[in-house]
Amino acid sequence: SSLLFLLQELTSALMHVKLHLFVQIFTLVFFPTAIWVFLQLLSITPINEWLLKGLQTVGCMPPPVSSAVILTKAVGGNEAAAIFNSAFGSFLGIVITPLLLLLFLGSSSSVPFTSIFSQLFMTVVVPLIIGQIVRRYIKDWLERKKPPFGAISSCVLLMIIYTTFCDTFANPNIDLDKFSLIIIVFIIFSVQMSFMFLTFLFSTRNNSSFTPADTVAIVFCSTHKSLTLGIPMLKIVFAGYEHLSLISVPLLIYHPAQILLGSLLVPTIKSWMVSRQK
């Protein structure tokens, strides 16, 4: 019976190929391209050019592993689809994001591809594989003890945000004007709101085969960007870059903004979904 259940789960996941394609193409193709077009218009404004480059890096990032899933679960959307797309997007991002960064921004120096991928492999993929292997052996102990991994990962994420902020503003040469910073915060919120609205419109079209629960997963997974993968990637791709700290500012703003916006929208999206399902 468990095998039958597994087969049902797998087939339903495969039936969702359209959903997975939508999320991944939106995140890793449409999002960075749309931001690039938008930045062509913004480049004539007096906004700090390194912050604009930082906005482009946000567009190139893969989806996060946690926030989109947590928000989808909070609304009661298609959690399985959210988990799959977050995990799959992160894996794709390990290869695609550095390529996108080099395509849209070029690199500070002639960073060889092999070194970028080997460093990412060591910092992201290897710990993940080791974790999966170790988990297999200590599964029973984990279920008995239930260590507070959620709280630990949140603390680690906070530490990453905090240390990157410190790195950014400890640089004496940083010429960050308040105008640019305020405008960037405004742009980030606007981009998030409009992309959430766009994915919502696309996934609720009359001829789309997505259920309301699918739409919830699509809206969060397509518009969220990973900070935990993003910061190491930026540090590797732009190693030794004097403007690295400025480039990472938009991502540092985007991540808390997506959680804040998502949390505020949970009751609204939930009531929409319930009314649609009725």
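**Pocket, cores and buried threonines**

In this predicted model, the largest pocket holds about 1600 Å³ of space. Of the 38 residues that line this pocket, V65, S66, L128, S153 and T228 are the closest to its centre.

Q: Which helix gives the most to the lining of the largest pocket?
A: Helix 6 does, with eight residues.

Q: What is the make-up of the lining of the largest pocket by class?
A: The lining has 23 nonpolar, 14 polar and one charged residues. Gly counts as polar in this scheme, and Pro as nonpolar.

Q: Why is T164 called buried?
A: The relative accessibility of T164 is 4%. Buried means under 20%. T164 therefore counts as buried.

Q: Where is T164 found, and what is T164 in contact with beyond four places in sequence?
A: T164 is found in helix 8. Its contacts are I231, K235, S248 and L252. T164 and S248 are 84 residues apart in sequence, with their C-alpha atoms 8.0 Å apart in space.

Q: How do you know whether T215 is buried or exposed?
A: T215 has a relative accessible area of 1%. The cut-off for buried is under 20%, so T215 is buried. This residue lies in helix 10 (residues 212-223). Leaving out residues up to four places away in sequence, T215 touches F200, S203, T204, F210 and W272.

Q: Which residues touch the most other members of the largest nonpolar core?
A: I184 and L234 do, in a core of 38 residues. Elements giving two or more residues to this core include helix 2 (17-42), helix 9 (178-203) and helix 11 (230-237). Helix 12 gives the largest share, nine residues.

Q: What is I184 in contact with, leaving aside neighbours within four places in sequence?
A: I184 is in contact with I47, L51, L52, L55, P250 and I253.

Q: How many residues does the other core have?
A: That core, apart from the largest one, has 22 residues, among them A81, V216, I269 and M273.

Notes:
Residues numbered from 1 in each chain as written. Predicted model: local features only at pLDDT ≥ 70, side-chain atom pairs only at ≥ 80, totals over all residues. Heavy atoms only, no water. Core = buried A, V, L, I, M, F, W, Y, C linked by side-chain atoms within 4.5 Å. Buried < 20%, exposed > 50% of the residue type's maximum accessible area, 1.4 Å probe, protein only. Contact = heavy atoms within 4.5 Å. 1 Å grid on protein atoms, 1.4 Å probe; cavity = no way out; pocket = protein on both sides within 12 Å on 5 of 7 lines; lining within 4 Å. Points joined across faces, edges and corners; volume = space filled by probe spheres on them.
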